[in-house]
Amino acid sequence: AVYEAYRKRLRIRGTQRRLPQALIIGVRKCGTRALLEMLNLHPHIQKNGMEMHFFDEDERYANGLEWYRKKMPYSFDNQVTIEKTPSYFISREAPARIRAMNATIKLLLIVREPATRVVSDYAQIMETKLRKGKQVAPFHKRILTADGEINDGFKAIQISQYAVHVLRWLREFPREQIHIINGDNLIRDPYAEINKVQQFLRLPPYITPDNFYFNETKGFYCMRNETFQKCLADAKGRPHPYVDPAVMSQLRKFFVPFNEQFYEMVGHNFGWPT
Ligand code: A3P
């Protein structure tokens, strides 16, 4: 109740809660948080900070669209509400459910070199397990079977098979409605990637290179505008564990056919190492 009152007090006249007109659908560990926070620098963007899991969890979806809308932030009618839930990307149900809400919604998909994404995912899983006092198998044990093959039963490996998942989205949405962000590039040159997104969303070019500065301590770009500056939390940009180069190269080879299919489906060659 206190939280509700707090939220009500923040309501500005002329605003209302709206269903999202754009969604960040994934991919987990590819820079989804950075993308959302950077876009939120734009005055015409209103982010929903929480991952709602509305379209991928049956119990939530059963609450209906009105329930979902009421979870969204207040916005002006010239603003785009954006929600991000990275697991939408791998969900069987999400694409059709999203189309049923709004067949013209704009979808944002951020990808990263698939093997690096697996290491990043592993680093997060490892951190969570260690925090709970659990044992963690070394990287090669998680990604290889006893026979030394890539273990495609490991969820982190499945998530990086982008072609498998993107196919489901392309069955429901025309290619032009999905903008793909290069997550490795977002790390190196955030403005270049964000500028393409503001164009895709047909927003005036309010985000400029001045909104980003490299923070040596963080080792990543951080954000600023006239009134604030911020870096992402420590959990974003974790150190990756050392991985034997031979294992890394085996993992990269495993993804080659998936990557080639992905390039073909989306009409763009990301040039990931083979
Ligand atoms: P690592 O922790 O592997 O470095 P997500 O938000 O989807 O979980 O993605 C996390 C990843 O966002 C991080 O993975 C990090 O590399 C990336 N990232 C991109 N831009 C970043 C930024 N400016 N600050 C911190 N992390 C950023």
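Let me begin with V27, which sits in the loop between β2 and α2, where helices (H or I, at least four residues) and strands (E, at least two) are DSSP runs numbered from the N terminus. What I am showing is a predicted model, in which local features need pLDDT of at least 70 and side-chain atom pairs count only at pLDDT 80 or more, while totals for chains, interfaces and linings use all residues. Residues are numbered from 1 along each chain as its sequence is written.

The peptide bond that joins G26 and V27 is cis, with omega about 10°. K29 is found in the loop between β2 (22-26) and α2, and its phi is near 70°, a positive value in a residue other than glycine. K29 counts as buried because it has 25 C-beta neighbours inside 10 Å; the cut-offs are 20 or more other C-beta atoms within 10 Å for buried, 12 or fewer for exposed, and partly exposed in between, with C-beta atoms placed from the backbone. Leaving aside neighbours within four places in sequence, K29 is in contact with R117, S120, D121 and Q124, contact being C-beta atoms, placed from the backbone, within 7 Å. The UniProt annotation "active site", from an unreviewed entry, covers K29, and such annotations may be inferred rather than shown by experiment.

Now the ligand. Of the 18 residues around the ligand, T32, R33, A34, S120 and F220 come nearest, where near means a C-beta atom, placed from the backbone, within 6 Å. At least two residues of this shell are supplied by each of α2 (32-39), α6 (114-131), α10 (183-188) and β9 (220-224), and the largest share, three residues, comes from α2.

Turning to helix α9, residues 162-172, the buried positions are Y162, H165, V166 and W169. Seen down the axis of α9, these buried residues fall within an arc of 95°, so they line one face of the helix; the arc is that of the directions from the helix axis to the C-beta atoms. They pack against α5 (94-101), β6 (106-111), α6, β7 (178-182) and α12 (245-266).

Finally, β9 also belongs to an open sheet of three strands, in the order β8-β9-β10 with antiparallel pairing, where two strands pair if DSSP finds at least two bridges between them. β8 (212-215) and β10 (229-230) stand at the edges with a single partner strand each, so one side of each is left without a neighbour in the sheet. Within the sheet, R224 stands opposite Q229 in β10.

How values were computed
Contact = placed C-beta atoms within 7 Å.
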